[in-house]
Structure formats: C-alpha cells, structure tokens
Amino acid sequence: MKDFRYIDNIASLKLDRDACIGCGMCATVCPHRIFEIQDNKADILDFNACMECGACALNCPTDAISVTPGVGCASYIITVWLSKLTGKKVDSACC
Ligand code: SF4
Ligand code: SF4
C-alpha cells in the first residue's frame, strides 16, 4: 500500500510530542512508516501518507497520538488495494 497517497493536508493525525515517551510503538505498527523516533520522541515523516487506520493511536501508551479513523475514505483506499492485490472486484461502501 506504500503507493497510495492521501489528499494533501487533510488527514486528522495529530501528535503531541510533549506526551510522547519515545517507545516506538507508533513506528512499529504504522503500515506506511509515517513515524520516526528521534531523541526519544516520535516525529511525523510523511503526514500526507497517513490513511487514518488508527493503529498508531490505538497502540500509543500515553495517548500522544489522535486520529479519526476513516475520515478520508480510508476504507475506499483499502478496498482498492485489496482489489489490486487479489485481482477481484471488491464492492466498496464508500461514497
Ligand atoms: S507510540 Fe506514542 S509514546 Fe510511543 S513513540 Fe509513538 S507517540 Fe511516542
Ligand atoms: S493512522 Fe495508520 S497510517 Fe496514519 S500514522 Fe497512524 S498507523 Fe500510520
């Protein structure tokens, strides 16, 4: 899914660096490798590649990350990806 891009500057992803303890979970679970840990703090490397899956926020132990899953039709992106992966047409409930 690395080739999929979101609409620029619309993702709901937010990072509170003051609350971050640098555990690295966000970098581990993000399918798009959006986070990097530097000086014991997470940094967002590629904001517009976020597909709002919610995995980072779900796994952050200090609630330093917030994101509203699916705001930008993440389900549509996943559907298209699955369709390309399997070669089968997958019905999408997305608008
Ligand atoms: S999961 Fe949360 S606390 Fe851990 S590095 Fe990422 S933002 Fe920081
Ligand atoms: S919401 Fe998903 S794609 Fe976006 S930064 Fe978090 S883990 Fe990565």
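**Notebook: a chain with two ligands**

I began with burial: buried residues make up 26% of the 95 residues in the chain. I call a residue buried if 20 or more other C-beta atoms lie within 10 Å of its own, exposed if 12 or fewer, and partly exposed in between, with C-beta atoms placed from the backbone. The model is predicted, and local features need pLDDT of at least 70, side-chain atom pairs count only at pLDDT 80 or more, while totals for chains, interfaces and linings use all residues. Residues are numbered from 1 along each chain as its sequence is written, and chains are lettered from A and ligands numbered from 1 in the order in which they are written.

**Entry: overall layout**

I looked up the secondary structure and found 3 helices and 4 strands. Along the sequence they follow the pattern β-α-β-β-α-β-α. Helices (H or I, at least four residues) and strands (E, at least two) are DSSP runs, numbered from the N terminus. I then turned to contacts, meaning pairs whose C-beta atoms, placed from the backbone, lie within 7 Å. Among contacts between residues at least 6 apart in sequence, 50% join residues at least 24 apart.

**Entry: the two ligands**

Which residues come nearest to ligand 1? Among the 14 residues around ligand 1, they are Cys20, Cys23, Met25, Cys26 and Cys60. A residue is near a molecule if its C-beta atom, placed from the backbone, lies within 6 Å of it. This shell divides into 11 nonpolar, 3 polar and no charged residues. In this count Ala, Val, Leu, Ile, Met, Phe, Trp, Tyr, Cys and Pro are nonpolar, Asp, Glu, Lys and Arg are charged, and the others, Gly among them, are polar.

Around ligand 2 I also found 14 residues, of which Cys30, Cys50, Cys53, Ala55 and Cys56 come nearest. Its shell holds 11 nonpolar, 2 polar and 1 charged.

**Entry: the nonpolar core**

I noted that the largest nonpolar core has 21 residues, and that Cys26, Ile34, Phe35, Cys50, Cys56, Cys60 and Ile65 touch the most other members. Such a core is a set of buried Ala, Val, Leu, Ile, Met, Phe, Trp, Tyr and Cys residues joined through C-beta atoms within 7 Å. At least two residues of this core come from each of α1 (25-29), β3 (41-44) and α2 (55-59). In soluble globular proteins, nonpolar side chains tend to be buried together.

**Entry: strands β2 and β3**

I found β2 and β3 running antiparallel, joined by 4 bridges. Strands count as paired if DSSP finds at least two bridges between them. Phe35 stands opposite Ile44 in β3. The hairpin has 2 residues between the strands, and Asp39 takes a positive phi near 55°.

**Entry: positive phi in loops**

Most residues other than glycine have a negative phi, and most peptide bonds are trans. I therefore recorded Arg33, which is exposed with 12 C-beta neighbours inside 10 Å. Arg33 has a positive phi of about 50° although it is not a glycine, and its place is in the loop between α1 and β2 (35-38). Asp63, likewise not a glycine, has a positive phi of about 55°. Asp63 lies in the loop between α2 and β4 (65-66) and counts as exposed, with 9 C-beta neighbours inside 10 Å.

Is Leu13 buried or exposed? Leu13 counts as buried because it has 23 C-beta neighbours inside 10 Å. Leu13 belongs to the segment before β1 (14-15). Its C-alpha atom is separated by 5.8 Å from that of Ser66, 53 residues apart along the chain. Leaving aside neighbours within four places in sequence, Leu13 is in contact with Phe47, Cys50, Glu52 and Val67.

Thr68 I located in the loop between β4 and α3 (74-86). With 14 C-beta neighbours inside 10 Å, Thr68 counts as partly exposed. The C-alpha atoms of Thr68 and Leu13 are 7.3 Å apart, although 55 residues separate them along the chain. Not counting residues up to four places away in sequence, Thr68 touches Ser12 and Glu52.

Note on methods: Contact = placed C-beta atoms within 7 Å.
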